[in-house]
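I opened this entry to keep track of what I looked up. My notes follow the structure.

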Amino acid sequence: MIAIVDYQAGNIGSIQNMLKKLDAESTITSDPDVVRKASKIILPGVGAFDFGVSKLKSSGITEVLHERKTAGTPVLGICLGAQLMCLDSQEGVLPGLGWVQANVIKFPFHVGERKFPVPHIGWDRVSPAKTSCLFDNMPDDARFYFVHSFYIKCRRESDRLVTNTYGISFDSAFEVENVVGVQFHPEKSHKFGFTLLKNFVDNF
């Protein structure tokens with residue numbers, strides 16, 4: 001059973017719908033005991049960093065996430081969920097889960113003389129930084145859907161999974177042991193997101 005963590009910070013129905021297409025059993029839950037018993041965990045999320053941190057803590061799920069991560073349970077973070085796995089964010093003052101040595105930084109509005117609208121919205125190709133089963137059978141023209149004003153910057157090269165450039169270079173996914181985080185939305189990325197989620201379900 002895959003637990004999709006519900007902490008009042010995101011569109012989670014579309015994630016479960018895609019898992020249904022994969023014939024993967026899942027449940028949307030805010031119950032720490034259900035999360036504790038899950039074979040895999042998905043931490044989704046949209047919105048503000050401090051709001052997400054606070055909601056996880058008040059729901060009692062933060063301690064369970066640390067427990068399952070330490071035990072080796074595969075965990076996938078999506079958008080805000082991926083950012084919460086980092087050390088901190090310029091969007092707030094609260095610390096993240098600290099699972100990856102990375103910081104969350106606000107996009108600049110200008111790079112040189114060129115203006116970049118923020119948030120970064122739309123489809124974008126990704127550049128692999130290392131090999132991973134999550135990208136097995138992924139088409140060469142893989143594109144994913146992004147909506148974000150803050151980006152992830154890993155401190156360690158070895159943690160980077162794929163990168164992008166939007167004015168500046170940023171890490172659009174990381175993989176550290178049993179933890180993977182993606183800044184884009186696989187549940188909105190059609191066949192490319194379907195392939196990534198299938199690999200998470202079947203191989204990760």
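I take helices (H or I, at least four residues) and strands (E, at least two) as DSSP runs, numbered from the N terminus. I am reading a predicted model, where local features need pLDDT of at least 70, side-chain atom pairs count only at pLDDT 80 or more, and totals for chains, interfaces and linings use all residues. Residues are numbered from 1 along each chain as its sequence is written, and side-chain values use heavy atoms, with hydrogens and water left out.

**Annotated span.** An unreviewed UniProt entry annotates residues 4-201 as "domain: Glutamine amidotransferase"; such annotations may be inferred rather than shown by experiment. I found 27% helix and 32% strand in residues 4-201, with the end C-alpha atoms 13 Å apart.

**Cores.** I looked for nonpolar cores, meaning sets of buried Ala, Val, Leu, Ile, Met, Phe, Trp, Tyr and Cys residues joined through side-chain atoms within 4.5 Å. Buried is under 20% relative accessible area, exposed over 50%, and partly exposed in between (1.4 Å probe, protein chains only). The largest core has 38 residues, and L19, I42, L76, F135, F144 and F184 touch the most other members. α6 (190-203) is among the elements that each supply at least two residues of this core, and α6 gives the most, with 5 residues. Another core, of 31 residues, lies apart from it and includes V5 and M85.

**Helix α4.** In α4 (residues 61-71), I listed I61, T62, V64, L65 and R68 as buried. They sit on the same side of α4 because they cover an arc of only 160° around the axis, taken from the directions from the helix axis to the C-beta atoms. E63, T70 and A71 are exposed on the other side. After α4 comes G72, with a positive phi near 100°.
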